[in-house]
Amino acid sequence: MTALLEGCGKDNGEEGLVKVRVGEVTRSLFYAPEYVAIAKDLFKEEGLQVELTTTFGGDKTMTALLTGGIDIALVGSETSIYVYQQGAEDTVINFAQLTQTDGTFLVSREAVDAFHWDQLQGSVFLGQRKGGMPQMAGEFTLKRHGIDPQKDLELIQNIEFANIPAAFASGTGDYVQLFEPQASIFEQEGKGQVVASFGVESGHLPYTVFMTKQSYIDANKETTQKFTNAIYKAQKWVEEHNAEEIADVVLPFFKDTDRAIAIKVIDRYKQQGSYASDPAVDEEEWNNLLDVMTTAGELTSRPAHEELVDNSFAEQAAD
């Protein structure tokens, strides 16, 4: 799935633009500002032509980045930490944050008038893939509410990401952790009810961030700055417009998504502050991420903020 700067599937072949190959971990309304930057020609204004490819999964996205298949990855910051832990010589640097909370929701199969977290005790919980940020944020939240996900409920986390909604719809689990738009679709179809937000519960995180190799930054500082400038412009546009206006701009990237669902999803993410208002990854967010990963047992060490984050481009963009 690839789209060029000039629009979703539209290429007017202009010369003189610097091409930047971007791989996004999935296609999601959670990344609305990215599509706004493309659709509103904000990259083009900066002299860039973005070739966007959906790389379908954190491992595949990072492999594409490390092997030179893409220039910039849009993926969770935890992937840069995993690469760091493996001793990569060419460090992967987080330089422009797009989302600042987890994007998943707790969906109950049965209608709930007043949800309390202790209702999960003894339930069958259909979670996300072990080691990924959704699962780590989910377990972090459960533990904050006094629930041990390994002992206090039956945790299922061996189902492929794409098959989780189908598994729940077919009867697996009392509760499921879902991204949008599937959570809202299940509500619309009467298959479940959103009862809590893991994004709200787990706090601000560098959840989805544009990152690249240090060697790319060293060789392409101007391009990295221009890219960050465009993202910041898109973030401000999203901040200043309502869900209906945002949906109408990004829907060409979501041919099979109902407009009413898209509006509901975008509004839900806006209301809980999931879209970052600027590209900087602050140290408090970074440390919260490390806490989440530590709780999940996924850290061998705690890399300092300045080792894997370069906010200089974000600071200049917002100046």
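Helix α5 is largely enclosed by the rest of the structure, because ten of its twelve residues are buried. Buried here means under 20% relative accessible area, with a 1.4 Å probe and protein chains only. Helices are DSSP runs of H or I, at least four residues, and strands are E runs of at least two, numbered from the N terminus.

A word on the source. This is a predicted model: local features need pLDDT of at least 70, side-chain atom pairs count only at pLDDT 80 or more, and totals for chains, interfaces and linings use all residues. Residues are numbered from 1 along each chain as its sequence is written, and side-chain values use heavy atoms, leaving out hydrogens and water.

Back to α5. Its buried residues include M133, M136, F140 and L142. What covers them? The cover includes α4 (77-85), β6 (104-108), β9 (175-179) and α13.

Now the partner, α13. The axes of α5 (residues 133-144) and α13 (residues 283-295) come within 9 Å and cross at roughly 85 degrees. Those axes are lines fitted to C-alpha atoms over the stretch in contact, with angles from 0 to 180 degrees between N-to-C directions. That makes α5 roughly perpendicular to α13, a label for 65 to 115 degrees. From α5, the contact (heavy atoms within 4.5 Å) uses M133, M136, A137, F140 and K143. From α13, it uses N288, L289, D291, V292, M293 and T295.

Next, length. At 1.5 Å a residue, the twelve residues of α5 should span 16 Å, and its end C-alpha atoms are 16 Å apart, which agrees. The expected span is 1.5 Å times one less than the number of residues.

Last, just after α5, G146 takes a positive phi of about 80 degrees.

How values were computed
Parallel < 35°, antiparallel > 145°, perpendicular 65-115°, else oblique. Buried < 20%, exposed > 50% of the residue type's maximum accessible area, 1.4 Å probe, protein only.
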